[in-house]
Amino acid sequence: MKELNRKTVVKRIRPERIIQFGEGNFLRAFVDWIVYKMNEKTDFNGSVVVVQPIENGMIDMLNNQDGLYHVNLQGLDGGEMANSLTLIDTISRALNPYADFDAFLKLAEQPEMRFVISNTTEAGIAFDPSCQLADAPASSYPGKLTQLLYHRFKTFDGDRTKGLIIFPCELIFLNGHKLKETISRYIELWNLGETFKCWFAEACGVYATLVDRIVPGFPRKDIAAIQEKTGYRDNMVVQGEIFHLWVIEAPQEVAEEFPADKAGLNVLFVPSEEPYHERKVTLLNGPHTVLSPVAYLAGIDIVRDACQHEVTGEYVRKVIFEELMETLNLPKDELEKFANDVLERFNNPFVDHQVTSIMLNSFPKYKTRDLPGLKTYLERKGVLPRGLVLGLAAIIIYYKGGKRVDGAEITPADAPEITDLLKSLWATASTRVVAEGVLAATFIWDEDLNKIPGLTDMVKSYLDDIEENGMISVINKIIN
């Protein structure tokens, strides 16, 4: 078996046009894969320099393979099973600014550099007032980026054509707005001057994005078979699902410079990222949150099995197509396509997604993912969405603990104040007290949900029905 590097693979040399903060699985299976596709399908012709955003990381492993690695995409594609392996040659090199700060700053001196892309976790876009311009480097990601931008500004004497286009991929709503605001705070803190402030505002663009692809990461159980198939000893293989979506809140001129949408990819340049964020949270995360406790109490442990079950499968389709979809404002055909993609992802034959892993912190998840839809549905239809209310009742039953139908031990995990509340409410042995007490918990909901017409009675009714007749019986009443 051969080592994977420039000695064993002919690697194409392309201009370094992208600075990427982060060397982790997601960026390599998503952004770098997309850049690879752009190079193959369009005239983009660019490579990526990876910057390690924290002191300890994986760039040594990446450099040992000269930035080469395979992406293994698995899942259902149009109903057909797909399992592909692609050798990605997008990354030119990787560097650690903590070990070589000068090399990091020199990236700003390369005239052909045009893009900055990042995924530094949700906590990465944060303002740390202890960061200084003279730090080598600043500890925060926005601090490092401000240092880089300021060095570029000085190198090219404020040339407006040398601004950078910045795409944060951190999983926070309006990530670009937050990053731009944080950089502006560093400009003020470090007294970098009005001229640089204007250059950043007018020559650079920081754009909000929404990214979506499940990336399990390094395929430990499949690595021997993958390496045998490729013939290379690849220690940086990354596994992901077939589905991908990148929504970028940017004007058309940015799309022309970064033509991912012209490469046959699911990349959208839109005026506002908000409806797509709402669509993902509502039609992907929302069904996950209610299906998991419903399926678990029906004795089903895997999301795929729940979707393929004759009863719980109908339940999740009802929640998606008849309830949650009715609360969104995007075109119906667009919503239906996305919803069908969601079901295909839930049915991924390569991923055993445990429902219990989704049920961690279920109440806060229900608040952000399902409660808005419940309210909108009631407002538009004049009745409560029974599938969503059943999901809430299932969470409440799950948090009771004890044993489920097959004797498996139920062990809910959440903040102590939530588990303690549920324990005390269930100790009363009154489902009315339980329903009213959970819905009145303003520290969970920021409001008293008992004020939603009919909700308390419906939750109590489902609690009684589940306890007396079992989950499958209750779902049958809803779907029939």
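Is the crossing of H5 and H6 left-handed or right-handed? The crossing of H5 and H6 is right-handed; a crossing counts as right-handed if the near helix is turned clockwise from the far one by less than a right angle, and as left-handed if anticlockwise. The model is predicted, so local features need pLDDT of at least 70 and side-chain atom pairs count only at pLDDT 80 or more, while totals for chains, interfaces and linings use all residues. Residues are numbered from 1 along each chain as its sequence is written, and side-chain values use heavy atoms, with hydrogens and water left out.

Two packed helices are described by the angle between their axes and the distance between the axes. Helix H5 spans residues 141–155 and helix H6 residues 175–189. Helices (H or I, at least four residues) and strands (E, at least two) are DSSP runs, numbered from the N terminus. H5 and H6 pack at an angle of about 65°, with their axes 9 Å apart. Axes are lines fitted to C-alpha atoms, for helices over the stretch in contact, and angles run from 0 to 180 degrees between N-to-C directions. H5 and H6 are therefore roughly perpendicular to each other. Angles of 65 to 115 degrees count as roughly perpendicular, under 35 as roughly parallel, over 145 as roughly antiparallel and the rest as oblique. On H5, the contact (heavy atoms within 4.5 Å) is made by Tyr-141, Pro-142, Gly-143, Leu-145, Thr-146 and Leu-149. On H6, Leu-179, Thr-182, Ile-183, Tyr-186 and Ile-187 take part. Eight of the residues in the contact of H5 with H6 are nonpolar, three are polar and none is charged. Here Ala, Val, Leu, Ile, Met, Phe, Trp, Tyr, Cys and Pro count as nonpolar, Asp, Glu, Lys and Arg as charged, and the others, Gly among them, as polar.

A second pair is formed by helix H10 (residues 274–297) and helix H17 (residues 386–398). Their angle is about 55°, and their axes lie 8 Å apart. H10 and H17 are therefore oblique to each other. The crossing of H10 and H17 is left-handed. H10 contributes Thr-289, Val-290, Pro-293, Val-294, Tyr-296 and Leu-297 to the contact. H17 contributes Leu-388, Leu-390, Gly-391, Ala-394, Ile-395, Ile-397 and Tyr-398. The contact of H10 with H17 has 11 nonpolar, two polar and no charged residues.

Single residues and local features come next. Asp-32 lies in helix H2 (residues 31–41). Asp-32 is buried, with a relative accessible area of 0%. Buried means under 20% relative accessible area, exposed over 50%, and partly exposed in between (1.4 Å probe, protein chains only). Beyond its neighbours within four places in sequence, Asp-32 is in contact with Gln-20, Leu-27, Val-48, Tyr-69, Ile-88, Thr-90 and Ile-91. In helix H15 (residues 362–369), Ser-362, Phe-363, Lys-365 and Tyr-366 are buried. These four cover an arc of only 160° around the axis, which puts them on the same side of H15. The arc is that of the directions from the helix axis to the C-beta atoms.

Most residues other than glycine have a negative phi, and most peptide bonds are trans. Asn-361, in the loop between helix H14 (355–358) and H15, has a positive phi near 60°. Asn-361 is partly exposed, at 31% relative accessible area. Phi of Asp-66 is also positive, near 55°. Asp-66 sits in the loop between helix H3 (59–64) and strand S4 (69–77). A cis peptide bond joins Ala-136 and Pro-137, with omega about 5°. Pro-137 is in the loop between strand S7 (115–118) and H5.
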